[in-house]
Amino acid sequence: MTATGLRPFQGRRVLLGVSGGIASYKTAGLARLLTTAGAEVDVVLTRAATEFIGAVTFEALTGRPVHIGLFTPGRTLDHIKLARDADVVVVAPATADFMARAAMGLADDLLTACLLATESPVLLVAAMNDRMWAHAQTQANADHLRGLGYRLLEPEEGLLAAGEGSGPGRMAAPDTILAHVGRLLEPASSFAGRTVLVTAGPTREQIDPVRFLSNYSSGKMGVAIAAAAWRRGAKVSLVAGPITVPVPVGVEHVFVQSTTEMRDAVAGRVGTADVLVMSAAPADYQPAAPSANKLKKTGSARELELRETPDILVTTRASRKPGAVVVGFALETDDLLANAKRKLDAKGLDLVILNAANEPGAGFGVDTNRVTIVQRGAPEPEQLPLLDKRAVADAILDRVEALINGR
Ligand SMILES: Cc1cc2nc3c(=O)[nH]c(=O)nc-3n(C[C@H](O)[C@H](O)[C@H](O)COP(=O)(O)O)c2cc1C
């Protein structure tokens, strides 16, 4: 099982390079996130970076000495040692100047020397004025750096330095960078290059223009699975109802309202998916005749006729990619195992993840879950302890990976 939980970078070394851009103030936040995630962070500042942010800030945030010069008596081989020890190198912000020097293979300061001396993955997070980014020379440098195998996070659209308006130039947010670092730290996985389709959250079935039928699903479990699959190298699509948690970094997504809309969105994507994880909680029933106008009180009881919604797994089954691994979720209140086994057969699933709706700390809304994994052909279901949903996601994807490897 890969690193997960609250300190996913525990025991990993990150060389965090900072070059002289205005966005370097945000890199302090990144240093904090990396350290909180358990990483040992060695910060290297260019001379220009020290004009923008002090070494003391990074020293206080990381609890480790900060490195600046190439020619520091007593630390003259820092560039080799830092480069060798790092599991990943991140340069944020990477200025136009730094990118030019890196593209040329210069080693005229500590950070560029580290870049040449490392064999670990490198993430460059570009940030600069929009015209500097658009310049043909910068674009040529960016292409060359990608060709050298560096991962380049392009600047985002947004507000630039004071008086410069907005445009593509802003450095990616620290939590976006953190997610990319996590992906680079991930060991080689069978998910790399595969397509994973995940559904998450509830659906809403309209009663009238202002009311709907729904359930308490938050989408947390599906979002944790989408995030973990992307971190393992997959191309991930998320089809989500109205969820209460943000869509993870790197995940292509579409929002839907009703179960029928969710079915249509899945139908449009299922043919290319190597793995399907259906963790949404779509409504089973919808009003037979939703009202076009708001229903008013009549002074007496009202009956609402319901009809079944389409079954997403069953109605999209024939469109699945041959050999796809299919995971369904079953949230039950009674007859848990019998219901899960029935789902395996009726819906053509490889795994059913069973969670009890009425158990404290499990199921809807909470950050933890206690699941039982029922696998086609396995003699016994596998019961996992109460875990953070991110750890549950990794446990499920470990089982999926074993199935992929066996096909
Ligand atoms: C106020 C100010 C802000 C700057 N912001 C950026 C920036 O966001 N991106 C960039 O590429 N260069 C920026 N520069 C220019 C770099 O600091 C300059 O090119 C420097 O030589 C970079 O050195 P380094 O790559 O060794 O860190 C800025 C300069 C100033 C004076």
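The model is predicted: local features need pLDDT of at least 70, side-chain atom pairs count only at pLDDT 80 or more, and totals for chains, interfaces and linings use all residues. Residues are numbered from 1 along each chain as its sequence is written. The secondary structure of the protein chain comes to 13 helices and 21 strands; these are DSSP runs numbered from the N terminus, with helices being H or I of at least four residues and strands E of at least two.

**Whole chain**

- Along the principal axes, the C-alpha atoms of the protein chain fill a box of roughly 85 × 55 × 40 Å.
- Of the 407 residues in the protein chain, 43% are buried (20 or more other C-beta atoms within 10 Å of the residue's own; exposed means 12 or fewer, partly exposed in between, with C-beta atoms placed from the backbone).
- Among contacts with a separation of 6 or more, 70% join residues 24 or more positions apart (a contact means C-beta atoms, placed from the backbone, within 7 Å).

**Helix α1**

- The buried residues of α1 are Ser24, Lys26, Thr27, Leu30, Ala31 and Leu34.
- They lie on the same side of α1, because they cover an arc of only 160 degrees around the axis (the arc is that of the directions from the helix axis to the C-beta atoms).
- These buried residues pack against β1 (13-18), β2 (40-45), α2 (55-62), β3 (88-94) and α8 (174-185).
- Gly38 follows α1 and has a positive phi, near 105 degrees.

**Helix α7**

- Thr138, Asn141, Ala142 and Leu145 are buried in α7.
- Their arc around the axis is only 100 degrees, which puts them on the same side of α7.
- Exposed residues Ala136, Gln139, Ala140, Asp143 and Gly147 sit on the face of α7 turned away from its buried side.
- The buried residues of α7 pack against α4, β4 (122-126), α6 (130-134) and β5 (151-153).
- Gly149, with a positive phi near 100 degrees, follows α7.

**Packing of α4 and α7**

- Helix α4 (residues 96-104) and helix α7 (residues 136-147) pack at an angle of about 50 degrees, with axes 9 Å apart (axes are lines fitted to C-alpha atoms, for helices over the stretch in contact, and angles run from 0 to 180 degrees between N-to-C directions).
- α4 and α7 are therefore oblique to each other (under 35 degrees is roughly parallel, over 145 roughly antiparallel, 65 to 115 roughly perpendicular, and the rest oblique).
- Ala96, Met99, Ala100, Ala102 and Ala103 in α4 meet Thr138, Asn141, Ala142, His144 and Leu145 in α7.

Notes:
Two residues are in contact if their C-beta atoms, placed from the backbone, lie within 7 Å.
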